[in-house]
Amino acid sequence: MATTQRDYYEVLGVARGADEGEIKRAFRGLARELHPDVSEAPDAQERFREVVEAYEVLSKSETRELYDRFGHAGLRGGGFTPTQFDLGSLTDLFAAFFGDDLFGVGGRAARSRGADLAVQVEIELVEAASGTKREVPFPVAVTCSTCSGSGAAPGTAPVTCGTCGGSGRLQHVSRSAFGEFVRTQACPACRGAGQQIEDPCPDCHGDGRTVEERTLEVEIPPGIHDGQQIRISGEGHAGGGGARAGDVYVQVHIKPDPRFVREGDDIFSTVDLTMTEAALGAVVSVPTLDGEHELEFPEGTQPGEIRVLRGRGMPVLQGFGRGDQRVLVNVAVPRRLNDEQRRLLQEFAGSTDDETYRVDEGFFDKLKSAFR
Ligand SMILES: [Zn+2]
Ligand SMILES: [Zn+2]
């Protein structure tokens with residue numbers, strides 16, 4: 001998906017020459033402001049993702065150097081893929097970065113949104129043209145039906161954590177000449193959940209989730225491009241403690257079709273005419289995305305001519321109309337002649353003059369208009 005990406009320095013609001021400390025500070029500031037658990041702004045999640053991606057790149061010297069030299073393109077070439085947006089893993093990232101307490105993550109950690117997952121489907125080019133449906137199977141974590149997600153064996157219930165008294169957090173107070181410092185962190189005994197399971201559910205071993213094979217019917221819209229993803233919201237892994245499930249990203253691959261080359265919404269193909277068909281004119285069937293199509297070639301058709309079939313290309317994704325198909329003419333010259341054929345061709349050659357091969361005026365204009 002070719003969306004224009006903002007400059008990472010601009011995203012973080014730092015100068016290109018900013019040092020590590022400045023980048024870190026800028027990131028911390030923006031992250032506090034935009035964290036989806038904190039911010040009410042409707043675009044906070046999107047901006048937050050942008051900020052995390054920018055920080056991921058600029059905080060590592062290898063990726064930063066690539067980005068400085070080649071921009072976003074350099075990162076794609078270098079195999080950098082931004083972290084799939086997933087609040088679960090972001091929460092971890094934050095815990096690592098700020099300590100567990102920054103956003104009151106403690107007590108929330110066990111209820112984080114489920115992880116996203118990615119599945120791949122492969123379709124034919126003609127299916128990409130018409131749009132299609134696919135049954136896509138994938139394994140997914142679901143809420144355990146035995147314990148309804150609590151993680152506790154049936155008939156038992158999780159008990160309040162004795163270490164933190166159920167708050168999920170622990171406070172460390174230290175005194176100094178400047179006053180009292182209070183540091184909060186997630187309770188290590190219950191990992192921030194505030195509850196502990198004494199008798200774990202036999203089916204999920206206390207996790208509250210089990211893995212299930214699920215099949216989704218995925219609607220693939222006409223005009224989709226190779227590598228594009230379709231997001232199916234809320235069908236990913238179940239969240240902990242009944243939190244919302246993650247999303248499924250269906251990545252669509254289009255098998256190359258030996259008959260066609262796709263360029264954007266246009267389709268290119270070739271047609272082979274024999275020397276005599278080209279010279280005498282012929283009706284030849286050519287493949288299109290909609291099936292075979294009869295094309296009439298007039299007398300004197302030249303190799304390299306391009307026939308434009310308007311509206312026979314790919315449909316415009318989420319738009320109107322279709323691209324064009326351009327058919328390039330190849331002319332096959334005989335490779336082996338018997339004596340009789342050679343004699344006939346020599347006789348033909350003897351009867352030709354300049355007029356036989358004279359170029360029609362406008363031929364080059366016609367050729368150019370095909371590339372318009
Ligand atoms: Zn269970
Ligand atoms: Zn605890």
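Where does Tyr357 lie? Tyr357 sits in the loop between α8 (339–350) and α9 (363–371). What we have on the screen is a predicted model, so please keep that in mind as I walk you through it.

Let me stay with that tyrosine. With a relative accessibility of 59%, Tyr357 counts as exposed, because the cut-off for exposed is over 50%.

Now to the metal sites. I'll take the zinc ion written as ligand 1 to begin with. Cys144, Cys147, Cys201 and Cys204 coordinate this ion through their SG atoms, at 2.3 Å. Why is the arrangement called tetrahedral? The four donor atoms around the zinc ion (ligand 1) subtend angles of 105 to 115°, and four donors count as tetrahedral if all angles lie between 85 and 135 degrees. Along the sequence, the donor residues of ligand 1 follow the spacing C-x2-C-x53-C-x2-C. As for accessibility, Cys144 is buried at a relative accessible area of 1%, and Cys147 is buried at 7%.

On to the zinc ion that is ligand 2. Here the donors are the SG atoms of Cys161, Cys164, Cys187 and Cys190, at 2.2 to 2.3 Å. The angles subtended by the four donor atoms run from 102 to 118°, which makes this arrangement tetrahedral. The spacing of the donor residues of ligand 2 reads C-x2-C-x22-C-x2-C. Cys161 is buried, with a relative accessible area of 1%, and Cys164 is buried with 12%. Cys187 and Cys190 are buried too. And for anyone about to ask how many disulfides the structure holds: zero.

Let me turn to charges. Side chains of opposite charge can pair when their charged atoms come close. How many salt bridges does the structure hold? The count is 22, and I'd like to show you a few.

Start with Lys255 and Glu124, whose closest N and O atoms are 3.0 Å apart in a salt bridge. Lys255 is in the loop between β9 (248–254) and β10 (261–263), while Glu124 is in the loop between β1 (117–123) and α6 (125–130), so the pair ties together parts that are 131 residues apart in sequence. Lys255 is partly exposed, with a relative accessible area of 32%, and Glu124 is partly exposed at 31%.

Next come Arg312 and Asp290, a salt bridge with its closest N and O atoms 3.2 Å apart. Arg312 belongs to the loop between β14 (306–309) and β15 (325–332) and Asp290 to the loop between β12 (282–288) and β13 (291–297), so this pair ties together parts that are 22 residues apart in sequence.

Then there is a pair within a helix. Glu340 forms a salt bridge with Arg343, the closest N and O atoms being 3.4 Å apart. Being three residues apart in helix α8, these two are separated by about one helical turn. Glu340 is partly exposed at 44% relative accessibility, and so is Arg343 at 40%.

One more item before I hand over: a network of salt bridges links Arg113, Asp116, Arg231, Arg244 and Asp247.

Notes: Residues numbered from 1 in each chain as written. Chains lettered and ligands numbered in written order. Predicted model: local features only at pLDDT ≥ 70, side-chain atom pairs only at ≥ 80, totals over all residues. Heavy atoms only, no water. Donors = N, O, S within 2.8 Å, 3.2 Å for Na, K, Ca; no water. Tetrahedral: all angles 85-135°; square planar, octahedral: opposite > 155°, others 65-115°. Buried < 20%, exposed > 50% of the residue type's maximum accessible area, 1.4 Å probe, protein only. Disulfide = S-S within 2.5 Å. Helix = DSSP H or I, 4+ residues; strand = E, 2+ residues; numbered from the N terminus. Salt bridge = Lys/Arg side-chain N within 4 Å of Asp/Glu carboxyl O.
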